[in-house]
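Please keep the structure open while reading.

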Amino acid sequence: MSPSQVIVFATPVFLLLIAIEFAVGLRRGRNTYRLSDAVSSIGLGMLSQVAAVFALLLRLGIYTAVYTHAALWPDSGFWTTPVGWLLALLAYDFLYYWNHRLGHRVGVLWAAHVVHHQSQHYNLSTALRQPVSYPLLGWVFYLPMALAGVPPLVFVVVGLIDLLYQFWIHTEQIGSMGRFDRWFASPSNHRVHHGVNDRYVDKNYGGILMLWDHLFGTFEPEDPREPCVYGTRKPLQSWDPVWANLEVYAALARDSWHATRWGDKLRTWLNPPGWRAADVAAKHPVAAFDIAAVQRFDPPVARAVQVFAALQFAVLLGGVALFLWHADSSPLLHNASGAGVLLAGLWALGALLQGRISQGELLLIECAALSAATAATGWATLHLVFKPLTMGIALALVAAHQRSRPDAPGSAWLLAALLASLAGDVALMLEGLFIPGLVAFLLAHIAYTLRFRQDAPWLPQRRVWAGVSALGTMVYALLWAGGLPPGLRVPVAVYVLAITLMASQSLGRASVWRDGPSRLVAAGALCFMVSDTLLAINRFVTPLPASALWVLGSYGAAQCLMVMGLLRAADTARA
């Protein structure tokens with residue numbers, strides 16, 4: 001049984017314990033859960049397990065290679081004896097201590113580990129909140145075990161034991177455990193570890209044992225007179241799982257870029273979190289942390305949205321379990337397609353709970369992702385459902401918006417563009433209808449362009465038009481040289497002109513309005529251009545690897561971005 005399958009079996013136990021903790025908290029009048037936070041934490045754990053499938057070679061492959069070729073005491077049966085297993089567990093916990101400690105003291109390592117600390121609540125769901133990027137550098141710390149000849153199987157098992165042990169200590173419902181707290185990781189001393197209070201920061205790193213913290217001076221007992229304040233000193237303020245994994249990397253990259261000296265650029269990544277070069281701190285000051293000013297991020301969510309989000313979360317949880325169960329035996333393309341769907345769903349769920357998208361837009365995003373994934377994996381029947389359903393949901397969103405805002409500009413042209421896109425989708429799914437599909441999408445591009453023209457001048461940025469036209473000309477020349485049939489040269493030229501005009505108009509419109517909705521639309525138009533380019537190259541020049549995933553993935557992104565951007569633009573009643 002693979003580690004991913006072990007996680008699948010462990011997940012119901014985790015969820016049961018979370019439910020018990022929630023019930024106990026309600027009964028005691030000390031509930032520590034909020035739906036959005038718990039969904040965010042568990043969702044990040046789901047995402048980290050999905051990513052771990054692709055990092056298996058990095059995590060275990062390097063360890064196995066070192067064990068095979070560089071072990072100082074290879075092929076020793078000692079490690080599979082009871083004493084050997086215990087010593088391996090102690091060694092892992094010791095190395096985990098240093099991995100964990102440096103994860104708090106080195107900027108680039110903190111950028112990964114920070115995900116686990118972002119929640120401003122402390123409960124069992126927090127234990128599941130794990131980063132995607134941990135395997136990038138975390139494997140380095142455990143190579144001494146490979147050099148000592150600890151077999152990979154023993155290493156994996158003791159690693160799972162150390163990880164699973166740490167689940168139960170993430171709770172506020174268990175108080176002090178007396179002497180146990182002194183020598184073992186427990187809820188009390190791990191609450192300290194998650195606190196941002198001055199006396200608690202960077203304390204209690206042990207995974208199972210507190211022995212290492214006592215030896216190296218990082219142990220701090222919990223003081224009932226000073227309750228822990230949870231989270232990070234720079235709160236995430238978001239339910240976005242992608243941004244949760246990238247926020248500190250982005251901050252480090254900005255500070256490194258702005259630093260004048262090359263040494264400071266490097267030190268930004270290697271020094272403790274919060275360190276900034278003097279010139280960067282002067283030019284881009286950041287307010288000092290004030291624990292009295294900490295407020296929990298908890299945007300209001302309507303009851304109906306909470307119910308919908310809970311149902312969506314249950315579906316995604318099932319999808320992750322199915323993905324993990326089959327991941328080790330599935331082709332890379334299938335895993336990549338499944339991971340893309342799950343990432344899109346988890347991102348959309350976070351955006352819904354934050355009020356950034358509607359329930360209908362979440363369904364639109366999920367259907368677009370499923371359309372691309374089912375095409376890439378060869379699930380033809382499901383693809384025949386999800387591809388037209390994507391456009392059906394988009395049409396329903398626009399129609400509902402038109403009923404609620406009959407004075408909003410551009411709905412007619414947007415509906416025309418979506419209807420033409422739907423016709424093009426159906427035509428391209430059927431044999432022998434490539435030309436009708438081409439015509440349908442040509443009409444869709446024209447309708448989109450006319451919609452863009454309603455609230456912006458024609459081609460307000462001529463340099464953009466020139467650049468996009470040059471790109472379109474290059475693509476057409478590539479198609480011509482690659483064997484574009486003579487009978488299609490004129491129709492394809494007209495099509496390239498139409499999509500070039502659409503992309504140029506959307507970019508020019510964004511330069512006029514300079515706001516989020518117009519940028520979404522421009523990004524969508526560029527995705528449409530990418531999708532059409534990939535489709536044409538795959539059909540007329542050379543077959544592309546995983547072409548369906550890239551073509552339909554960029555097409556789905558294009559339609560989602562343009563529809564969502566135009567609906568938001570219409571809400572401002574531009575004319």
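Is the crossing of H5 and H13 left-handed or right-handed? The crossing is right-handed. The model is a predicted one.

## The H5–H13 pair

Two packed helices are described by the angle between their axes and the distance between the axes. For H5 and H13, the axes come within 7 Å. They cross at roughly 160 degrees. Angles over 145 degrees count as roughly antiparallel, and H5 and H13 are therefore roughly antiparallel to each other.

The H5 side of the contact consists of Gly107, Val108, Trp110, Ala111, Ala112, Val114 and Val115. H13 brings Ala244, Asn245, Glu247, Val248, Tyr249 and Leu252. By class, the contact has 10 nonpolar, 2 polar and 1 charged residues.

## The second largest pocket

This pocket has a volume of about 1,200 Å³. Its lining counts 42 residues. Closest to the centre are Trp110, Arg233, Lys234, Pro273 and Gly274. Trp110 also belongs to the H5 side of the contact with H13.

Four helices each supply at least two lining residues: H4 (82-105), H5 (107-117), H11 (187-194) and H13 (241-258). H13 gives the largest share, 8 residues. The lining of the second largest pocket splits into 20 nonpolar, 13 polar and 9 charged residues.

## The largest cavity

A search of the whole structure finds 6 cavities of 30 Å³ or more. The largest has a volume of about 260 Å³. Its lining is made of 19 residues. Nearest the centre lie Tyr495, Val496, Asp532, Thr533 and Ala536.

Which helices each supply at least two residues of this lining? They are H21 (434-453), H22 (462-481), H23 (486-513) and H24 (516-540). H24 gives the most, with 6 residues. The lining of the largest cavity holds 14 nonpolar, 4 polar and 1 charged residues.

## The second largest cavity

The second largest cavity holds about 110 Å³ of space. It is lined by 14 residues. Gln118, Gln120, Gln237, Trp239 and Phe297 are the closest to its centre.

How does this lining divide by class, and what are the counts? The second largest cavity has 4 nonpolar, 8 polar and 2 charged lining residues.

Terms used. Residues are numbered from 1 along each chain as its sequence is written. This is a predicted model: local features need pLDDT of at least 70, side-chain atom pairs count only at pLDDT 80 or more; totals for chains, interfaces and linings use all residues. Side-chain values use heavy atoms; hydrogens and water are left out. On a 1 Å grid over the protein atoms alone, a cavity is a set of points where a 1.4 Å probe fits but cannot get out, and a pocket is an open set with protein on both sides within 12 Å along at least five of seven lines; lining residues have an atom within 4 Å of a point. Grid points are joined across faces, edges and corners, and a volume is the space filled by probe spheres set on the points. Ala, Val, Leu, Ile, Met, Phe, Trp, Tyr, Cys and Pro count as nonpolar, Asp, Glu, Lys and Arg as charged, and the others, Gly among them, as polar. Axes are lines fitted to C-alpha atoms, for helices over the stretch in contact, and angles run from 0 to 180 degrees between N-to-C directions. Angles under 35 degrees count as roughly parallel, over 145 as roughly antiparallel, 65 to 115 as roughly perpendicular and the rest as oblique. A crossing is left-handed if the near helix is turned anticlockwise from the far one by less than a right angle, and right-handed if clockwise. Contact means heavy atoms within 4.5 Å.
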